[in-house]
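Colleague: Could we go through the packing in this structure piece by piece, with the cut-offs stated as we go?

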Amino acid sequence: MNIRLLLDLVRYHYQKNDVEFERVANEIANAFRRSGKYEVADYIRAQMSSRQSLRPQSLEREVESNPLSQFPSAAQQLSDLFVEVPTFANPLPMPLQLDERLRGVSLAIDKRKILSKFLFIGKPGTGKTEAVKQIAFLLNRKLYSVNFAQLIDSRLGQTAKNIERLFVEISNSSYPETRIFLFDEIDGLALTRTDGNDIREMGRATTAFIRGMDKLNSSVVIFATTNLGEKIDDALLRRFDYVLNFDCYTKQDLVRSALSILSSFLANTEKNEIVLRIADKIFNRAKLEAPGVLRNKIRTAVAFSDPEKKFSYLGTLYKELVDKDLDISILHKQGFTLREIELLTGKSKSQVSRFLVKEQYESSN
């Protein structure tokens with residue numbers, strides 16, 4: 001770490017020079033990232049983001065040299081073909097191999113500047129779109145999603161013309177190093193042209209999209225996501241520099257993700273050993289879906305739980321993910337202890353114990 005940067009950071013803080021303070025803080029974050037200390041870099045970026053005043057260095061220099069540049073011209077503004085998307089620092093929990101590849105994508109954009117067109121494929125809820133938001137956040141770039149409602153037109157040939165206009169606008173956008181463009185669920189626009197169910201209009205749209213990718217300014221970064229990777233036109237697939245498949249979650253990956261998601265919705269006082277042990281047993285016995293779907297179910301279970309019944313969300317999770325009934329006998333056979341069954345069902349340990357003794361007695365006679 002360059003000590004000059006630390007001294008500058010202190011100096012600009014006491015001078016209340018926010019622009020220079022944030023520029024130096026950004027340099028420090030980049031230095032940690034280059035040295036492989038990603039967690040420290042991400043933490044600094046998160047703190048800077050919370051100030052809501054961070055601007056890209058290139059834009060700061062432009063403002064310093066030309067004060068009028070802080071008032072964006074029409075050429076700098078994007079049309080209604082785009083919607084700005086909020087970015088954030090906390091994506092869905094992902095398998096280590098996915099996390100490593102996403103770090104590689106960030107480095108490819110930020111350092112090497114060799115790759116610029118990325119396609120994320122995978123089932124709904126696997127974290128494709130959220131990964132793009134995370135990358136944009138870490139690279140301190142604005143994220144703009146293509147507005148398909150404005151792009152697709154019922155008039156013959158108009159969709160293809162709109163796509164051509166879209167790519168011209170992307171290539172000519174000001175400060176491309178401060179932006180990322182996202183085609184979310186691209187399968188709605190660029191299905192294979194040999195699909196027997198396809199109509200000619202969509203074939204023209206796909207061709208226009210391929211031409212647009214070929215003419216794209218090399219400094220522009222594009223991401224696309226799809227739930228239907230096998231349906232994407234082969235020629236279009238070849239236009240992407242890197243295709244990443246998110247369908248790689250093992251059962252243990254999903255269990256770890258579910259536990260992490262549950263913890264994020266609980267107060268610190270609720271994150272005790274027995275709660276996490278019960279949750280682990282529930283998730284291991286459940287047929288788990290993708291993390292995005294899991295998050296919705298877990299969030300709902302916690303949100304709808306009765307505050308007067310401290311652990312009622314555990315029973316709701318069990319009924320949602322494992323079995324619709326909280327049967328004491330079945331819970332016992334599944335390896336839940338008396339205390340765990342007590343928390344799941346709301347019945348006291350003595351009641352649970354008497355029920356099991358009675359059941360055992362009746363079965364033996």
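Predicted model: local features only at pLDDT ≥ 70, side-chain atom pairs only at ≥ 80, totals over all residues.

Colleague: How is α13 oriented to α14?

Modeller: With axes fitted to C-alpha atoms over the stretch in contact, and angles running from 0 to 180 degrees between N-to-C directions, helix α13 (residues 291-303) and helix α14 (residues 312-321) pack at about 140°, their axes 8 Å apart. Angles under 35 degrees count as roughly parallel, over 145 as roughly antiparallel, 65 to 115 as roughly perpendicular and the rest as oblique. The arrangement of α13 to α14 is therefore oblique.

Colleague: And α12, how is that helix oriented to α14?

Modeller: The axes of α12 (residues 273-285) and α14 come within 10 Å and cross at roughly 10°. Val-275, Ile-278, Ile-282 and Phe-283 in α12 meet α14 residues that include Tyr-313, Leu-317 and Tyr-318. The crossing angle makes α12, relative to α14, roughly parallel.

Colleague: Why does the pair of Tyr-318 and Phe-336 tie together parts that are apart in sequence, and by how many residues?

Modeller: Rings of Phe, Tyr and Trp (its six-membered ring) pair if their centres lie within 6.5 Å, with planes under 30 degrees apart counted as stacked, over 60 as edge-to-face and the rest as tilted; the count by this rule is nine aromatic pairs. Tyr-318 and Phe-336 are edge-to-face, at 6.1 Å centre to centre and 80° between the planes. Because Tyr-318 lies in helix α14 and Phe-336 in the loop between α15 (328-333) and α16 (338-345), the separation of the parts tied together is 18 residues.

Colleague: Turning to the sheet, which strands are its edges?

Modeller: Two strands pair if DSSP finds at least two bridges between them, and six strands form an open sheet of mixed pairing in the order β1-β3-β4-β5-β2-β6. Each edge strand pairs on one side only, and these are β1 (82-85) and β6 (242-245).

Colleague: In β5, what is the bridge partner of Leu-119?

Modeller: Strand β2 (residues 117-121) and strand β5 (residues 222-226) run parallel and are joined by five bridges. The partner of Leu-119 in β5 is Ala-224.

Terms used. Residues numbered from 1 in each chain as written. Heavy atoms only, no water. Helix = DSSP H or I, 4+ residues; strand = E, 2+ residues; numbered from the N terminus. Contact = heavy atoms within 4.5 Å.
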